[in-house]
Structure formats: structure tokens, C-alpha cells
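Subject: Structure for your review

Dear colleague,

Please find below the structure that I am handing over to you. My findings follow it.

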Amino acid sequence: MKVIISDTKKELGAKAAAQGAKLISRAIQEKGKANIIVATGASQFEMLEALVKSDVDWSVVTCFHLDEYVGLPETHPASFRKYLKERFVDIVNPLKFHYVNGEANVPEECDRLGRLIAESPIDVAFVGIGENAHLAFNDPPANFEVGNAYLEVFLDDDCRMQQYNEGWFKSFGEVPTRAISMSIKQIMKSTYIICSVPDQRKAGAVQKVVEGVVTNLVPASIMQDHPHTRLFLDNASASLLHKTPS
């Protein structure tokens, strides 16, 4: 895992987007197309704002996204489908995007997405980590071994409180308890991982992910075992690291 620290969130987003765009364009040059994963959440605002301005031929890019709440309509402010359409897809069209439909039959939707991603090896995965160090919606203790590409997960209270505190829901009780999430094993199949993690509230998770042992109690720590992970931090999220990464 290579760690890159920036002074501000905006600089973090610009660097992560530039690195990701470079890798996408390299895949297109080598294969004529690229397959990517795009994340959502407040941590991805600055990265996506920069990514949509990059010089990528999106017409030959196929995208998957990481997760979606079960039962939440696309019109809800917290819908990740709504988030992605407004901040990414509608801006860079044309491209092919495979959404997670949380309103569909859950086992059937997981199977559908699993078949699609099996045909589309991922070149670049854009991800973040949660305050509880979750990766996608794989809360601790995460299942590192499940082979399914997508699965139904149950969200813990720390994860749900983060979503409430970020302003996506009017009350904690409104935050769904279930989601469809890409599995840890599927994320780790990506050739490159670009992980953007700003803000002081993520500093504790970042310290455990970077300097702790690999454990399913800190799900994102598994990225230590990935040969091509780039972790982009700002000064706030990196503030608890005991040594400056080289």
C-alpha cells in the first residue's frame, strides 16, 4: 500500500483522480477498453469533481458501483444511484454503468451483478473507507473469504450513525439496516485500487488500516495485501499516523 498525503481535501481529490485517470487511460490504450468501480459518499466529492474533468475516453469504459441500500428508492437524497447519476454518470456520458438496484429482489440482483462483473475484470477501483474502517458496506467483522461478488449485508450502528451524521438522513432511525455490497474478495481482484480518505473523523480508522495488522475487525486493512493500492489522505485523516509513509 502506497500512502500519499495532501494538505487539503481538494488537493487529495485532484491527485487521486489524476492517478486513476492515468490508469484508466493506460488500460484503454492496452485493451481498447477499461472496467472500473466507482464509490460514493462524502469522501468521494473532491475526487469525483476532478475525475469528471479528466481526459478519459468514457465511451469505452464500463463501470460498476460498490453498494446500495436495500429498499431505498432512487429519488431519496441518500440513494447511491442518485448520487452517481448526478455527480458522475450524467456528466461523463456516454459510458456503460451497472447500478446496484436496492429495490430489486436481493438474491437475484446479487446474481445479476455477479455475472456481469465476472465478464469484466476490474482495472481500477475507486473506493473509500468508513469511520469503522469498512470497505464498501462490509462492516466489521467482515467476511474476507466469501466468493460472491455481491452480497446482502447488515449495517452496524457505527456505519449507520456515519450516514446520519453526514446529513443523508433526517434521523438515525431512517438509515436502512441492510444493503447490497460488493464483497471484499471482489474488490481485491481489481488491478489497481485508488482509495480516497479525507477528514479528521477518519483518522482513527486510517491509523488502524495503515499501521495495524490485517484483520476482519478492520476490514479496509486487507488493502495492505493488495500489490497496487494507492491510499490518498489529507493532513487531517493522516494526523494519527505515527510515522510519515515513504
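In what follows, helices (H or I, at least four residues) and strands (E, at least two) are DSSP runs, numbered from the N terminus. Please note that this is a predicted model.

With that convention, Asp199 sits in the loop between strand 9 and helix 7. Asp199 is not a glycine, yet its phi is positive, at about 90°. Its relative accessible area is 17%, and because buried means under 20%, Asp199 is classed as buried.

Overall architecture

The protein comprises seven helices and 10 strands. For 246 residues, a compact globule would have a radius of gyration near 18 Å, and the 17 Å of the protein agrees with this. Along the principal axes, the C-alpha atoms fill a box of roughly 45 × 45 × 35 Å. Of the 246 residues, 56% count as buried. Among contacts with a separation of 6 or more, 79% are between residues 24 or more positions apart.

Backbone geometry

Most residues other than glycine have a negative phi, and most peptide bonds are trans. Against that background, several sites may interest you.

Asn93 and Pro94 are joined by a cis peptide bond, with omega about 10°. Pro94 belongs to the loop between helix 3 (80–92) and strand 5. A cis bond also runs from Pro140 to Pro141, where omega is near -5°. Pro141 lies in the loop between strand 6 (124–127) and strand 7 (150–154).

That loop between strand 6 and strand 7 also holds Ala136. Ala136 has a positive phi of about 55°, although it is not a glycine. Ala136 counts as buried because its relative accessibility is 6%.

Ser183 and its surroundings

Ser183 is placed in the loop between strand 8 (178–182) and helix 6 (184–188). Its relative accessibility is 0%, so Ser183 counts as buried. A polar atom of the Ser183 side chain lies 3.2 Å from the backbone nitrogen of Gln186. Leaving aside residues up to four places away in sequence, Ser183 touches Asn138, Val146, Asn148, Ala149 and Leu151.

Tyr99 occupies the loop between strand 5 (96–98) and helix 4 (106–118). Is Tyr99 buried or exposed? At 19% relative accessibility, Tyr99 counts as buried, since the cut-off is under 20%. Beyond residues up to four places away in sequence, Tyr99 touches His65, Arg81, Leu84, Lys85, Val89, Glu109, Arg112 and Leu113. Tyr99 and Cys63 are 36 residues apart in sequence, with 8.4 Å between their C-alpha atoms.

Helix 7

Which residues of helix 7 (residues 203–211) are buried? They are Ala203, Ala205, Val206, Gln207 and Val209. The cover over these buried residues includes strand 9 (192–197) and strand 10 (229–234).

Yours sincerely

Key: Residues are numbered from 1 along each chain as its sequence is written. This is a predicted model: local features need pLDDT of at least 70, side-chain atom pairs count only at pLDDT 80 or more; totals for chains, interfaces and linings use all residues. Side-chain values use heavy atoms; hydrogens and water are left out. Buried means under 20% relative accessible area, exposed over 50%, partly exposed in between (1.4 Å probe, protein chains only). A polar contact is a pair of N or O atoms within 3.5 Å; within protein, one must be able to donate a hydrogen and the other to accept it, and residues adjacent in sequence count only if both atoms are side-chain atoms. Contact means heavy atoms within 4.5 Å. The radius of gyration is taken over C-alpha atoms; the globule rule is 2.2 Å times the number of residues to the power 0.38.
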